[in-house]
Amino acid sequence: MTDEILVSILSLLSLKEAAATSILSRRWQYVWMSTMVLNFNANFDIHRNLCRFIALKRKLRYLESGRYVNWVNRVVEQHRGPNIEEFRACFQLNDRFASSIDKWIQFAMEKGVKTLVLKFSTQCGAASKNFYVFPHKLLGLEKKHVYSYIPSLRPCGCKVGFQFLKVLHFECVDMTDKVFEYFLSNCPVLERLTVHETKSFVNLRVVRPSVTLKHLVTGICLGLQSIEICDANLV
């Protein structure tokens, strides 16, 4: 059985199950590091688990969040595969962990990710003042002043582009109109786009026909003022 087949099999398992196969033999020791599905699931999709976490004292919450971030960092640093199909990070995280999250996005970009999900839950629906802010530099955008964004003429030190991205889901990730427009204009195979709980998103515009974009979801966009949808092929 080739390593490619083994990687395909391990990609069907959870990360912890895949990592556990490293004890099977010398050959299996590093195979899991090429898995194409990186789902860092902390069961935060279940409301009671999130509220149980929030009920902890602040110091304990910081410790748990730190452990989660360290786990993701270790896997990202050890990953050996040339590509990934999916990257999911779901935990209560904010701008305190921005440097690590920036690296996760850059990693996913460079690996040609197809499904990117970042769900950074707030306190049982309470608005947060410290949303993680999507980094403009990773898209080649440089912020000149508050209301002006232009493509940066300086290299950002990373590979730019989401050419293979099909599914994008942001929750409690602060993003601007320009970032939203970037994903619409520069992701040629994007099919599903979800933006949930953000502050700096002001004008939602989908005015260019896209052959691929079929599903658009927005919710609790705290600064949203206008929506314009024209000539779109949404279903």
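The protein chain folds into six helices and twelve strands, where helices (H or I, at least four residues) and strands (E, at least two) are DSSP runs numbered from the N terminus. This is a predicted model, in which local features need pLDDT of at least 70 and side-chain atom pairs count only at pLDDT 80 or more, while totals for chains, interfaces and linings use all residues. Residues are numbered from 1 along each chain as its sequence is written, and side-chain values use heavy atoms, with hydrogens and water left out.

Let us begin with the chain as a whole. Of its 235 residues, 44% are buried; buried means under 20% relative accessible area, exposed over 50%, and partly exposed in between (1.4 Å probe, protein chains only). The accessible surface comes to about 13000 Å², and carbon and sulfur atoms hold 52% of that. These areas come from the Shrake-Rupley method with a 1.4 Å probe, and for residues only the protein chains shown count as cover. Among contacts (heavy atoms within 4.5 Å) with a separation of 6 or more, 65% are between residues 24 or more positions apart.

The largest nonpolar core has 50 residues, and Phe-87, Trp-104, Leu-116, Phe-162 and Phe-183 have the most contacts inside it. Such a core is a set of buried Ala, Val, Leu, Ile, Met, Phe, Trp, Tyr and Cys residues joined through side-chain atoms within 4.5 Å. Beyond its neighbours within four places in sequence, Phe-87 has contacts that include Leu-38, Phe-40, Trp-104, Phe-107 and Leu-116.

Glu-86 sits in strand β2 (residues 86-90). Its relative accessibility is 18%, so Glu-86 counts as buried. Leaving out residues up to four places away in sequence, Glu-86 touches Met-36, Val-37, Leu-38, Asn-39, Val-113 and Thr-115. Gly-112 is in the loop between α5 (98-110) and β3 (115-119), and it is buried because its relative accessible area is 14%.

Helix α6 (residues 177-186) has Asp-177, Val-179, Phe-180, Tyr-182 and Phe-183 buried. Its buried residues pack against β7 (167-171), β9 (192-198), β10 (203-206) and β11 (215-221).

The whole structure has 13 aromatic pairs. Rings of Phe, Tyr and Trp (its six-membered ring) pair if their centres lie within 6.5 Å; planes under 30 degrees apart count as stacked, over 60 as edge-to-face and the rest as tilted. Here are two of the pairs:

| Pair | Type | Centre to centre | Angle between planes |
|---|---|---|---|
| Tyr-68 and Phe-91 | stacked | 4.4 Å | 15° |
| Phe-134 and Phe-183 | edge-to-face | 5.6 Å | 75° |

Tyr-68 in helix α4 (residues 58-78) and Phe-91 in the loop between β2 and α5 link distant parts of the chain, 23 residues apart. Both Tyr-68 and Phe-91 are buried. Phe-134 and Phe-183 are buried as well. Ring pairs also join Phe-40, Tyr-68, Trp-71, Phe-87, Phe-91, Trp-104 and Phe-107 into a cluster.

Finally, the surface. Ile-227, in strand β12 (residues 226-229), is exposed because its relative accessible area is 55%. Together with Ile-229 and Leu-234, Ile-227 forms a nonpolar surface patch with about 270 Å² of accessible area.

Definitions and conventions: Patches are made of residues with over 30% relative accessible area and no salt bridge: like charges are joined within 9 Å, nonpolar side chains (Val, Leu, Ile, Met, Phe, Trp, Tyr) within 5 Å. A salt bridge is a side-chain nitrogen of Lys or Arg within 4 Å of a carboxyl oxygen of Asp or Glu.
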